Amino acid sequence: FPYTTLFRSDLPPGTDMHLLAAELQRLAGEIYQQRSNADQDLQVKALSQAAESARAGHSRTTAEFLAKAGKWALDIGTKIGTSVATEAIKGVLRLK
């Protein structure tokens with residue numbers, strides 16, 4: 001039977017995948033330093049996987065990993081100024 005996903009299955013149009021990969025790697029490093037529980041460890045892993053996927057040019061897979069990174073990643077990304085990453089996360093989580 002039909003279902004709806006809680007996230008978009010692709011990135012916003014025109015996303016610069018190389019810049020996105022770089023920002024996601026930076027964001028993963030920042031979250032790694034701030035993590036304090038197992039859920040946050042999973043978010044770091046999801047961001048790292050999203051960065052790898054973006055580097056390879058796979059927007060759909062990148063979006064799937066970004067959905068797993070969640071709102072905390074968005075909050076940290078906003079604070080450290082990773083605007084391409086935060087816009088991608090907002091789009092995937094349907095927060096625009």
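Mentor: A helix here is a DSSP run of H or I with at least four residues, numbered from the N terminus. The model is predicted.

Trainee: In which helix does histidine 18 lie?
Mentor: Helix H1 covers residues 17-34. Histidine 18 lies in helix H1.

Trainee: Is histidine 18 buried or exposed?
Mentor: A residue counts as exposed when its relative accessible area is over 50%. Histidine 18 has 61%, and therefore the term for histidine 18 is exposed.

Trainee: How far apart in space are histidine 18 and alanine 51?
Mentor: In sequence, 33 residues separate histidine 18 from alanine 51. From C-alpha to C-alpha, the distance between histidine 18 and alanine 51 is 8.9 Å.

Trainee: In what order do the elements of the protein run?
Mentor: The protein has four helices and zero strands. From the N terminus on, the order is α-α-α-α.

Trainee: What share of the contacts with a separation of 6 or more comes from residues 24 or more positions apart?
Mentor: A contact requires heavy atoms within 4.5 Å. Among contacts in the protein with a separation of 6 or more, residues 24 or more positions apart account for 67%.

Trainee: At which residue does H3 bend?
Mentor: A straight helix of 22 residues would reach 32 Å, but the end C-alpha atoms of H3 are only 23 Å apart. H3 has a bend of about 85°. Among the buried residues of H3 are Ala69, Gly70 and Ala73. The bend is at glycine 70.

Trainee: Which helices do the buried residues of H4 pack against?
Mentor: An α-helix has 3.6 residues a turn, so residues three or four places apart point the same way. In H4, residues 83-92, the buried set is Ala85, Thr86, Ala88, Ile89, Gly91 and Val92. These residues pack against helix H1 and helix H3.

Trainee: Which residue that follows H4 has a positive phi?
Mentor: Just after H3, glycine 81 has a positive phi of about 85°. After H4, a positive phi near 60° belongs to arginine 94.

Trainee: Which arginine lies over the face of tyrosine 32?
Mentor: For a charge to sit over a ring, CZ of Arg must be within 6 Å of the ring centre. The distance from the ring centre of tyrosine 32 is 3.8 Å, and the residue is arginine 35.

Definitions and conventions: Residues are numbered from 1 along each chain as its sequence is written. This is a predicted model: local features need pLDDT of at least 70, side-chain atom pairs count only at pLDDT 80 or more; totals for chains, interfaces and linings use all residues. Side-chain values use heavy atoms; hydrogens and water are left out. A charge sits over a ring if NZ of Lys or CZ of Arg is within 6 Å of the ring centre and within 35 degrees of the ring normal. Buried means under 20% relative accessible area, exposed over 50%, partly exposed in between (1.4 Å probe, protein chains only). Helices (H or I, at least four residues) and strands (E, at least two) are DSSP runs, numbered from the N terminus. The expected span of a helix is 1.5 Å times one less than its number of residues. The bend at a residue is the angle between axes fitted to the seven residues ending there and the seven starting there.
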